[in-house]
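Hello,

Here is the structure for you to look over. Please open it first, then read my notes below.

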Amino acid sequence: MGDEHFGFRPRHSTSLQLARLERLARNFGGKRLTGAVFLDVAKAFHTVWIAGLLYKLTLLNFPSYIVHTISSYLRDRTFEASFQTATSTRRGMQASVVQGEFISPVLFSLYVNDMPSPSHHVELDLYADDAAIVATSRKPTLLVSYLEAYLNDLQPWLSEWIIAINVSKSTAIIFACAGRRFIQPRPVTLFGEPIEWVDRTRYLGVTLDTRLTWSPNIDQVRKRTAQRMGMLGPLLNRTSDLSIRNGVLLYKQLIRPMIDYACPALRSAARSHVRRLQVLQSKCLRLATGAPWYISNRQIHEDMGVPLFADHIRALTASFDSKLADVGNPLVRQLGRYLR
């Protein structure tokens, strides 16, 4: 599988891909700009051409018994539609891998493994059906030129392998350091349709803004955490019979992973934004423990054995960095040099 594919591979993860994207986007030296196009693949798993997938597996030198096994898994499947008392005739499925199955994202990644290679001005960030095309330049017009040149090369490949892109749902964004002014260029196009420039977009569950401040992402984290806390409200309150130990365990297992997701990519976030996450953690722990107002947040953290959030991120990031040398992907090794 190509080095750009980070999805469902040993020692690869969304955090690793996001850290790499953050490294590419934060190329602010010499007041450079970074443009990125995020493609929305329409019904990605449902449109995989089965015969094309089996052909590509053969080209990749998969053993014949594996190709035959996958063929028997995907072929001879049928579907029918029902509405009220009417039912359609049963029909065979010529495309689609089963969504929700563990193997489906892997099969999709193999299906798009021969995606056209970019020029030296462009890099790809791929994670299953999440695709980002990234280019860097000092001039916005050159960004459009680089990105559009790759999209023009991509169009025939998309058509040949019957992969549809929701152009209206795809987005483009220009990352720039604070104070860097530029005139927004014309939109890039795909199949003659414009992909509009936006101020923020989502990729792999993270909200990215043009300055990479991470503030919009933290807003989303706070919102999702409040919703999760609302669901756990009957268990996490002062009148609950749940023990304090189990209340803190609920926080660690069901809430904190939402807050610290992709934290290695957030290492450049301002301290003020990290403090907002600390405030969020303190509120959650105070609710889980039912601690009275006169007990300090630091005391609650110490008594419960929960590190302050900045320390928690620092430990996770150090663990993340220490494992980079064990990943054979050369793109990850480049990331390791950047982080040092």
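Are Asp125 and Arg20 buried or exposed? Asp125 is buried, and so is Arg20. Buried means under 20% relative accessible area, exposed means over 50%, and partly exposed lies in between (1.4 Å probe, protein chains only).

A word on the source. This is a predicted model, where local features need pLDDT of at least 70, side-chain atom pairs count only at pLDDT 80 or more, and totals for chains, interfaces and linings use all residues. Residues are numbered from 1 along each chain as its sequence is written, and side-chain values use heavy atoms, with hydrogens and water left out.

Now the salt bridges. A salt bridge is a side-chain nitrogen of Lys or Arg within 4 Å of a carboxyl oxygen of Asp or Glu. The count comes to six. Asp125 and Arg20 form one of them, at 2.2 Å from N to O. Asp125 lies in strand β6 and Arg20 in helix α1, so the pair ties together parts that are 105 residues apart in sequence. Helices (H or I, at least four residues) and strands (E, at least two) are DSSP runs, numbered from the N terminus.

Arg276 forms a salt bridge with Asp219, with the closest N and O atoms 2.2 Å apart. Arg276 is in helix α8 and Asp219 in helix α6, so this pair ties together parts 57 residues apart in sequence. Arg276 counts as partly exposed, at 21% relative accessibility.

Last, helix α4 (residues 103–111). Seven of its nine residues are buried, among them Leu107 and Phe108.

Best wishes
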